[in-house]
Amino acid sequence: MSAQIISGKEVSAQVRERLKKEVEAMKEKDPNFRPGLVVLQVGDREDSNLYISVKLKAAAEIGINATHMRLPQTATEDEILQSIRNVNENSSVHGLIVQLPLDSVHRISTEKVTNAVAPEKDVDGLTSINAGKLARGDLGDCFIPCTPNGCMELIKQTGVSVAGKRAVVIGRSKIVGAPMYDLLLWNHATVTTCHSKTGDLAAEVGKADILVTGIGKPEMVKGEWIKKGAIVIDCGINHIPDSTKTNGRRVVGDVHFASAKEQAGFITPVPGGVGPMTVAMLMQNTVLSAQRFLQAHEPGKWNVSYTKLNLQRPVPSDIVISRSCVPKPIDCLARDIGLLSDEVELYGKTKAKVQLETIDRLRAQADGKYVVVTGITPTPLGEGKSTTTIGLVQALGAHLNRNVFACVRQPSQGPTFGIKGGAAGGGYSQVIPMEEFNLHLTGDIHAITAANNLVAAAIDARMFHEATQSDKALFNRLVPLSGGQRKFSPVQINRLKKLGIEKTDPSTLTEEEITRFARLDINPESITWQRVLDTNDRFLRKITVGQSPTEKGHTRTAQFDITVASEIMAVLALTSSMEDMRQRLAKMVVATSRGGDPITTEDLGVCGALTVLMKDAIKPNLMQTLEGNPVFVHAGPFANIAHGNSSILADKIALKLVGPDGFVVTEAGFGADIGMEKFFNIKCRYSGLRPHVVVLVATVRALKMHGGGPRVTAGMPLPKEYTEENLELVEKGCSNLRKQVENAKHFGVPVVVAVNAFKTDSEAELQLICKLAKEAGAFDAVPCTHWADGGTGAVELGKAVQKAAEAPSNFSFLYNTELPVIDKIRIIAQKIYGADDIELLPEAQHKVDLYTKQGFGNLPICMAKTHLSLSHDAEKKGVPTGFVLPIRDIRASVGAGFLYPLVGTMPTIPGLPTRPCFYDIDLDPVTGEVIGLF
């Protein structure tokens, strides 16, 4: 009786159909996901082209995104290896095949090339790592070479159990024979390998219950050698002459088919047997690799190992604590929280930038819980919002086992060398390394400085050139001849459209159109754009520019701001994508023309260059806490003339990474009346994100100040009222706490009060604050000792935040942006500050009229007010009443997207004190360590 034919075509069709369904299932879970395969070919061999086309066709049918990467015959080994490294780093590729042989004019090590493929993408199963795992029997943790894998599938089709059978493999190649031996062995067969040195091949074949051949010798194995009823798997592909065929030859296997099928129980034909299965198994390995990738990178699935703190008493300085904890390599932390290698740009070992494409990859992932940390009206010393933010994150992550991210602002270097010192948190709740955090980080602030000052240079240069040239000369220089023709740049086309000139050929403009296009006609008195520097320097608050003789007397009075006051910083913080940033940078208004029209950076032609300067700064910076939690440090806008919050992009990426059960904790600058109000009305309005919990930080000392305690001065010892128990002062001061709780509840978000405890606070004082906070409507109130105890000291706060996040949240904005400008200001003044009314001084009223006319009246409001009082008077503590809020001026940050009314005088570049922090800062030349930062 003839053997049953095992049809590789039929089995491979079944495999492909199954794989197609598995790919569909993956796409249902994540619509943006597709398995990716790259076939790398060197040269242009016809047989290789044929094999590759078959693979690409099979991939397309199954739903695999397959790419054919061609390298020329002239490709060197280094070029081939670099191409492989690039594919290894590409997270959208799950399988990489190097098509053999390598058809190069250079000498190439095939072994070196195949082993360069990342083992997790080696769907051919040819790397030494995968071969080694197969040899050790780790079948579930490797890729099995496709031909042996296909052979096993065909053997399974017979229904015959492999276990206990005697198997013979003829051939010992790395692609077929050797891995086939391992595969049969670990499926519990007794295996013999035969090769060219085997003595009596026929006798060995005759013992086989299962025979697999892969020697490339046409019809070498005769039917009479084969054991009756054996399974014969023929992997050979050989050509022999055949005059009946068009090409004069036909394909045969290693086994003489006609005689063998009379002896065997099951046999594969050639062609149509093993061949189709090889391609099917390649597709199966690719799908398996994609499934492993999805499993390993399941959104929200973290594998973070937290650092155990070695708490010291008394608590050492911040920098000593920072150095006592060795940070995890930032690439390891990135991997642990679900970031892919090609989404992370390393800046040394402890900081990295994260690509914006991460948001696209995780688009289908639900967001985590969103928590904002704010505070009561502070003393000049600050009440520890940053420290509380980090302490809470450490508690939620290291002690309550939640995925949690901190998102904080990048500090300016001005205060670091001035009087305030660093801003990395403090004690055992800080971002590390604190030197990196407080100094250059990854250069974002320097990029903003460069971009800002390019705009300033463009303004003065444009006014100079307009003042010294005729219309025609100006136009000819703005649109110079190139190759005998004038051509507008894209940014100039945009200006023409803005002017209503629908022309693209410079030669067709009329004289009147040339004048309108070429002359911005900036009114020097209207310029709102200043140069910036990230240094405290009081002598730059008013300067004169243009004093060199080369500027021909075109001088004007100007000033410097500190870099974090630049509108570009606010743009960075509020942008949602690279394209959005490009548009916001283009819309920034720098001055008004003499005709009353707003002049933008796009009119100046500089907006594209600004985007180039900011292309890296837009990526959030990844760091870590002392206990090993991830932290995004990104953007640091001023909290008075800007909105004082870290970036929307950092929050959005973090919310995706933590997953629906995780938390993102961010901080709003200054007190709740300033930073929190702007967080809700500006940041959340632009981001579309909805917060779940407000954490309101209070301290005994600040509440005593609001209760009538003596003046608190930075750099001076605290009066005894602040270091001795005084329940009366605390109770009186809780009026400010009560008002700030009320302010948070205006937005419909649950409030948890965190009482940041100091060693001089009494238990009675702390408990009184908690009691009064709850009576004021707080969801909960808890004392915290995270400065001294790290995450352990904020565990109760973490538990309260978790409970509050499950409570109903009816978030709403305080005002509709469609309201008139004056009404929006009045709503903030009355509801948040407690003012009776507002008073607009003449300049402010003029700006309301101007901005409304220019189309900016519908922007949200960003109040520039002292942070030391709910009112405009820093000396009025507690909850001032009966006051009218004076609005001195109003300015527009159109690119960032808000108007900022000025309440009182607002210095935009700090000065240095008599004894700045820099007296204590130095570098140890032996260790390279920074000394004296705090």
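## T374 and its surroundings

T374 touches K385, A668, F670, G671, A672, M676, V694, V695, L696 and V697, leaving out residues up to four places away in sequence. Contact here means heavy atoms within 4.5 Å. T374 sits in strand 14 (residues 369-375). Its relative accessibility is 0%, so T374 counts as buried. The cut-offs are under 20% relative accessible area for buried, over 50% for exposed, and partly exposed in between, with a 1.4 Å probe and protein chains only. A polar atom of the T374 side chain lies 3.2 Å from the backbone nitrogen of A672.

## Basis of the model

This is a predicted model: local features need pLDDT of at least 70, side-chain atom pairs count only at pLDDT 80 or more, and totals for chains, interfaces and linings use all residues. Residues are numbered from 1 along each chain as its sequence is written, and side-chain values use heavy atoms, with hydrogens and water left out.

## Overall build

The protein has 33 helices and 37 strands. Both are DSSP runs numbered from the N terminus: helices are H or I with at least four residues, strands are E with at least two. The C-alpha atoms fill a box of roughly 110 × 80 × 55 Å along the principal axes.

Of the 934 residues, 55% are buried. Among contacts with a separation of 6 or more, 74% join residues 24 or more positions apart.

Six strands form an open sheet in the order 1-11-8-7-5-6, with parallel pairing. Strand 1 (4-5) and strand 6 (190-194) are at the edges; each has a single partner strand, so one side of each lacks a neighbour in the sheet. Two strands pair if DSSP finds at least two bridges between them.

Strand 5 (residues 166-170) and strand 7 (residues 210-213) pair in the parallel sense over four bridges. V168 has L211 in strand 7 as its bridge partner. Helix 7 (residues 177-186) packs on this sheet and touches strand 5, strand 6 and strand 7. The direction of helix 7 makes about 170° with that of strand 5. Axes are lines fitted to C-alpha atoms, for helices over the stretch in contact, and angles run from 0 to 180 degrees between N-to-C directions.

## Strands 2 and 3

Strand 2 (residues 36-42) pairs with strand 3 (residues 65-71) in the parallel sense, over seven bridges. The bridge partner of V39 is H68, in strand 3. Between the two strands the chain passes through helix 2 (residues 46-62), and this β-α-β crossover is right-handed. Right-handed means that, with the strands pointing away from the viewer, the path from the first strand over the helix to the second runs clockwise.

## T625

T625 lies in strand 26 (residues 621-625). T625 counts as buried, at 0% relative accessibility. Beyond four places in sequence, T625 is in contact with I390, V393, Q394, Q430, V431, I432 and V631.

The side chain of T625 makes a polar contact with the side chain of N629, at 2.8 Å. A polar contact is a pair of N or O atoms within 3.5 Å; within protein, one must be able to donate a hydrogen and the other to accept it, and residues adjacent in sequence count only if both atoms are side-chain atoms.

## Cysteines

The disulfide count is zero, with a disulfide taken as a pair of cysteine sulfur atoms within 2.5 Å. For the sulfur of C407, the closest cysteine sulfur is in C684, 13 Å away and too far for a bond. C407 is buried, at 0% relative accessible area. C917 also counts as buried, at 7%.
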